[in-house]
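Colleague: I am new to this structure and would like to learn how to read a few of its features. Could you walk me through them?

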Amino acid sequence: MATVNDAVIALLEPLTESRRAHSIAVGQRMASVAEHLPAELRADAVTAAYLHDVGYGHRNLGFHPIDGARLLRSLGYSDVVCHVVAFHTAAEVEASVRGLDAGVFEEFALDGIAGLDMVDDFMWWADLHTGPNGEDFTVDQRLSEILRRYEPGSIVHTAITKAEPRLRRAVQRASGSM
């Protein structure tokens with residue numbers, strides 16, 4: 001398993017203990033399957049997985065995928081890391097439910113990088129197989145847990161419900177690539 005470096009630990013420090021545990025477990029899960037990704041994208045995929053929720057501890061806009069991606073860009077992380085963080089786990093669906101303009105993602109959109117779609121799928125796979133405290137979950141367990149944790153009609157509950165088919169397709173693509 002990949003170890004967490006000091007820079008990642010420092011960035012995760014403002015997160016709650018459970019969110020840190022989740023983030024570290026997602027990073028470790030990604031590291032365990034990174035061999036299935038294009039070699040030139042593996043390190044960025046693992047880094048993004050460890051840092052995918054960093055925006056919760058570094059608020060600006062108040063939407064953690066974009067807050068995290070902007071923070072990481074300001075610290076010199078690669079465009080690929082910033083893209084994966086910004087778009088992780090159907091973030092565009094939640095942004096829409098929140099009433100955010102889709103343009104917030106434009107600064108992190110990347111074209112022409114072979115294998116980036118696969119990295120995104122593996123990111124979603126890792127996130128959706130990891131519980132809120134870092135536990136191993138099935139996708140069904142994870143989606144059910146999120147829907148129990150957030151009230152019906154809440155932003156997250158609504159976004160997950162809308163995104164569920166898309167989330168499941170990404171997980172299936174990643175699973176089929178292993």
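Colleague: Let us start with arginine 70: is arginine 70 buried, partly exposed or exposed?

Modeller: This is a predicted model, so every value here is computed from it. Arginine 70 has a relative accessible area of 27%. Buried means under 20% and exposed means over 50%, so arginine 70 is partly exposed.

Colleague: Which side chain does arginine 70 meet in a salt bridge?

Modeller: The general idea first: side chains of opposite charge can pair when their charged atoms come close. In this case arginine 70 pairs with glutamate 107, at 2.8 Å from N to O. Glutamate 107 is partly exposed too, at 37% relative accessibility.

Colleague: Where in the chain do the two partners, glutamate 107 and arginine 70, lie?

Modeller: Arginine 70 belongs to helix H4, while glutamate 107 sits in the loop between helix H6 (91-98) and helix H7 (116-128). They are 37 residues apart, and the pair links distant parts of the chain.

Colleague: How many salt bridges does a search of the whole structure find?

Modeller: The search finds 11. One of them joins arginine 98 to glutamate 94, with the closest N and O atoms 2.8 Å apart. Both residues lie in helix H6, 4 residues apart, which is about one turn of the helix. Glutamate 94 is buried at 14%, whereas arginine 98 is partly exposed at 35%.

Colleague: What about glutamate 145 and arginine 142?

Modeller: Those two form a salt bridge as well, and their closest N and O atoms are 2.7 Å apart. Both are in helix H8 (residues 139-149), and being 3 residues apart they are separated by about one helical turn. Glutamate 145 is buried, with a relative accessible area of 9%, and arginine 142 is buried at 8%. Elsewhere, salt bridges that share partners join Arg70, Arg73 and Glu107 into one network.

Colleague: Now to helix packing. How do helix H4 and helix H5 pack?

Modeller: Two packed helices are described by the angle between their axes and the distance between the axes. For helix H4 (residues 64-74) and helix H5 (residues 79-87), the angle is about 165° and the axes are 7 Å apart. Angles over 145 degrees count as roughly antiparallel, so H4 and H5 are roughly antiparallel to each other. Their crossing is right-handed.

Colleague: Which residues make the contact?

Modeller: H4 contributes Pro65, Ile66, Gly68, Ala69, Leu72 and Arg73, and H5 contributes Val81, Cys82, Val85 and Ala86. By class, the contact has 8 nonpolar, 1 polar and 1 charged residues.

Terms used: Residues numbered from 1 in each chain as written. Predicted model: local features only at pLDDT ≥ 70, side-chain atom pairs only at ≥ 80, totals over all residues. Heavy atoms only, no water. Axes fitted to C-alpha atoms, helices over the stretch in contact; angles between N-to-C directions. Helix = DSSP H or I, 4+ residues; strand = E, 2+ residues; numbered from the N terminus. Parallel < 35°, antiparallel > 145°, perpendicular 65-115°, else oblique. Left-handed = near helix turned anticlockwise from the far one by under 90°. Contact = heavy atoms within 4.5 Å. Nonpolar A, V, L, I, M, F, W, Y, C, P; charged D, E, K, R; others polar. Salt bridge = Lys/Arg side-chain N within 4 Å of Asp/Glu carboxyl O. Buried < 20%, exposed > 50% of the residue type's maximum accessible area, 1.4 Å probe, protein only.
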